[in-house]
Amino acid sequence: MEFDEKRLTVIDHPLVQHKLHILRDKSTGTKQFRELVTELAIFEGYEAMRDFPLEDVEVETPLERTVCKKISGKKVAIIPILRAGLGMVEGILELVPSARVGHVGMYRDPTTHEPHQYYCKFPDDIENRICLIVDPMLATGGSLTAAIQFLREAGVKDVRALTLVSAPEGVKTVLDFDSEVRLYTCALDRQLNESAYILPGLGDAGDRIYGTK
């Protein structure tokens, strides 16, 4: 399956892969699953913000004044796709406590697998922020492309999507849909099954985060 690989980053750090194998295990309990989602979101956040520009700032240490670096004027918004995306928010906020959080609520039709929006709320200055859309699973790409469209319509120029497990079908859909979006994932899995679940995947992320079925 062909897509623009330059805009896809698969985070294959050994610690990420180690945590991912626990996340996939069906015997992993809700508490540990939730903690792992947060930890993996932190790893992804590092990569997604790697290219933020820096500027010099003068700091006085206990011994002398010196010049250090700080992030240059970047404002961040985290946009979880409800409900599973909420599980990744805390990890990103650990890195950027000043980030604003918007929400996009969608559910997937069990027959057509198409997304249906029921909620959408963004910070007032969303058009001036780098937006990190977070959702643990990228299956068909329907929900993610809808969220990207909402942000583009709101005037957002820099959109980055962070997922934990992705199917090739969803990656292609998202990258073909928007020529500027960048996608980060911890795993590119084999395929979707007939019910549009990712194989081998990890089941329903929302159910496993919140202990529901």
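A: We begin with strand pairing: two strands pair if DSSP finds at least two bridges between them. Here strand 10 (residues 159–162) and strand 12 pair in the parallel sense, over 3 bridges. Strands here are DSSP runs of E with at least two residues, and helices are runs of H or I with at least four, each numbered from the N terminus. The model is a predicted one, in which local features need pLDDT of at least 70 and side-chain atom pairs pLDDT 80 or more, while totals for chains, interfaces and linings use all residues. Residues are numbered from 1 along each chain as its sequence is written, and side-chain values use heavy atoms, without hydrogens and water.

Q: Which strand do 3 bridges join to strand 1, and which residue of strand 12 stands opposite Leu8?
A: Strand 1 (residues 8–10) is joined to strand 12 (residues 182–185), and the two run parallel. Leu8 stands opposite Leu183 of strand 12. Leu183 also stands opposite Ala161.

Q: How is a pocket read, and what volume has the largest pocket?
A: A pocket is an open set of points on a 1 Å grid over the protein atoms alone, where a 1.4 Å probe fits, with protein on both sides within 12 Å along at least five of seven lines; lining residues have an atom within 4 Å of a point. The volume is the space filled by probe spheres set on the points. For the largest pocket this is about 730 Å³. Its lining holds 32 residues, and those nearest the centre are Arg108, Asp135, Met137, Ser143 and Asp204. Among the elements that give two or more residues to this lining are strand 4 (76–82), strand 6 (103–108), helix 4 (142–153) and helix 6 (205–210).

Q: How many residues of each class line the largest pocket?
A: There are 16 nonpolar, 9 polar and 7 charged residues in that lining. Charged means Asp, Glu, Lys or Arg; nonpolar means Ala, Val, Leu, Ile, Met, Phe, Trp, Tyr, Cys or Pro; the others, Gly among them, are polar.

Q: Which residues lie closest to the centre of the second largest pocket?
A: The second largest pocket has a volume of about 200 Å³. Of its 14 lining residues, Phe52, Ile71, Lys74, Val76 and Val96 are closest to the centre. By class, this lining has 8 nonpolar, 2 polar and 4 charged residues.

Q: Where does UniProt place the feature "binding site"?
A: Such annotations may be inferred rather than shown by experiment. The unreviewed UniProt entry places one "binding site" feature at residues including Arg83, Arg108, Asp135, Pro136, Thr140 and Gly142. Of the annotated residues, the lining of the largest pocket includes Arg83, Arg108, Asp135, Thr140 and Gly142, among others. The entry also places the feature at Ile198, Gly203, Asp204 and Ala205, and these four residues are included in that lining.

Q: Is Arg108 buried or partly exposed?
A: Buried means under 20% relative accessible area, exposed over 50%, and partly exposed in between (1.4 Å probe, protein chains only). Arg108, in strand 6, is partly exposed because its relative accessible area is 31%. Thr140 sits in the loop between strand 9 and helix 4 and is partly exposed at 26%. A polar atom of the Thr140 side chain lies 3.2 Å from the backbone nitrogen of Gly142. By contrast, Ile198, in strand 15 (residues 198–199), counts as buried at 7%. Ile81, found in strand 4, is buried because its relative accessibility is 3%.

Definitions and conventions. A polar contact is a pair of N or O atoms within 3.5 Å; within protein, one must be able to donate a hydrogen and the other to accept it, and residues adjacent in sequence count only if both atoms are side-chain atoms.
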